[in-house]
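User: I would like to go through this structure with you. Please start once it is on the screen.

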Amino acid sequence: MTSNQRAKDLIVVSAVCVFDDAGRLLTVRKRGTDKFMHPGGKPEAGETAAQAASRELSEEVGIVVAPEDLAPMGVWLAVAANEAATDIEATVFTAPGTWEAHPSAEIAEIRWLDLSAELPHDLAPLLTDHVLPALTAE
């Protein structure tokens, strides 16, 4: 690496795909940011990816799903939506059933995404580059 190149930072996160009864995907926007993403976040010390996903889902949007009930979807590396020169390694799960969500904690706004409609331009790279293609392939 030369002096003007810098290794990207890496943040490990867990995220959850949640759907409503119309089949729309839940996205959230955290306070002070402009990109919509999955509910989720960084694991606390000693937490598994599923435990972190379950905790974050409850804290951020009031949806309670036991870690063992989350279905693993995949692990992806993506450009972080809100941190410069940073990648995320995201373990993504799906929550069984259909849900209602209510923004809390650091969530400023929620938006249900119709996967059959034209996608908005304010989605996080993890969604656009990895998760949405995987969901539409199913």
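**Working through the model**

Analyst: Helix H2 (residues 125-137) has 13 residues and spans 18 Å from its first C-alpha to its last, close to the 18 Å expected at 1.5 Å a residue. The expected span is 1.5 Å times one less than the number of residues. Helices (H or I, at least four residues) and strands (E, at least two) are DSSP runs, numbered from the N terminus.

User: Before we go on, what are the ground rules for the numbers?

Analyst: This is a predicted model, in which local features need pLDDT of at least 70, side-chain atom pairs count only at pLDDT 80 or more, and totals for chains, interfaces and linings use all residues. Residues are numbered from 1 along each chain as its sequence is written, and side-chain values use heavy atoms, with hydrogens and water left out.

User: Where does the kink in H2 lie?

Analyst: The kink is at valine 131, shortly before proline 133, and amounts to about 40°. The bend at a residue is the angle between axes fitted to the seven residues ending there and the seven starting there.

User: Which residues in H2 are buried?

Analyst: Pro125, Leu126, Leu127, Val131, Leu132 and Leu135 are buried in H2. Buried means under 20% relative accessible area, exposed over 50%, and partly exposed in between (1.4 Å probe, protein chains only).

User: And what covers the buried residues of H2?

Analyst: The cover includes strands S1 (9-17), S2 (25-30), S4 (71-79), S5 (86-94) and S6 (107-113). Contact here means heavy atoms within 4.5 Å.

User: Leucine 115 next. What is it in contact with?

Analyst: Leaving aside neighbours within four places in sequence, leucine 115 is in contact with Phe19, Leu25, Leu132 and Leu135. Leu132 and Leu135 are among the buried residues of H2. Leucine 115 itself is found in the loop between S6 and H2.

User: Why does leucine 115 count as partly exposed?

Analyst: Leucine 115 counts as partly exposed because its relative accessibility is 27%.

User: Switching to H1: where is serine 54, and what does its side chain reach?

Analyst: Serine 54 is in helix H1 (residues 49-61). Its side chain reaches the backbone oxygen of valine 65 at 2.5 Å. Not counting residues up to four places away in sequence, serine 54 touches Val65, Ala66, Pro67 and Leu70.

User: Is serine 54 buried or exposed?

Analyst: Serine 54 counts as buried, because its relative accessibility is 12%.

User: What about glutamate 56, buried or exposed?

Analyst: Glutamate 56, also found in helix H1, is buried, with a relative accessible area of 8%. Apart from neighbours within four places in sequence, glutamate 56 is in contact with Gly40, Gly41, Lys42, Val61 and Glu106.

User: Now the largest pocket. How much space lies in it?

Analyst: About 390 Å³ of space lies in the largest pocket. Of the 23 residues that line it, the closest to its centre are Val13, Lys30, Met37, Glu83 and Ile88. A pocket is an open set of points on a 1 Å grid over the protein atoms alone, where a 1.4 Å probe fits, with protein on both sides within 12 Å along at least five of seven lines; lining residues have an atom within 4 Å of a point.

User: Which element gives the largest share of the lining?

Analyst: S1 does, with 4 residues.

User: Last topic: what is the phi of alanine 85?

Analyst: Alanine 85 has a positive phi of about 50° although it is not a glycine. Alanine 85 lies in the loop between S4 and S5 and is partly exposed, with a relative accessible area of 38%.

Note on methods. Polar contact = N/O pair within 3.5 Å; in protein donor to acceptor, adjacent residues only side chain to side chain. Points joined across faces, edges and corners; volume = space filled by probe spheres on them.
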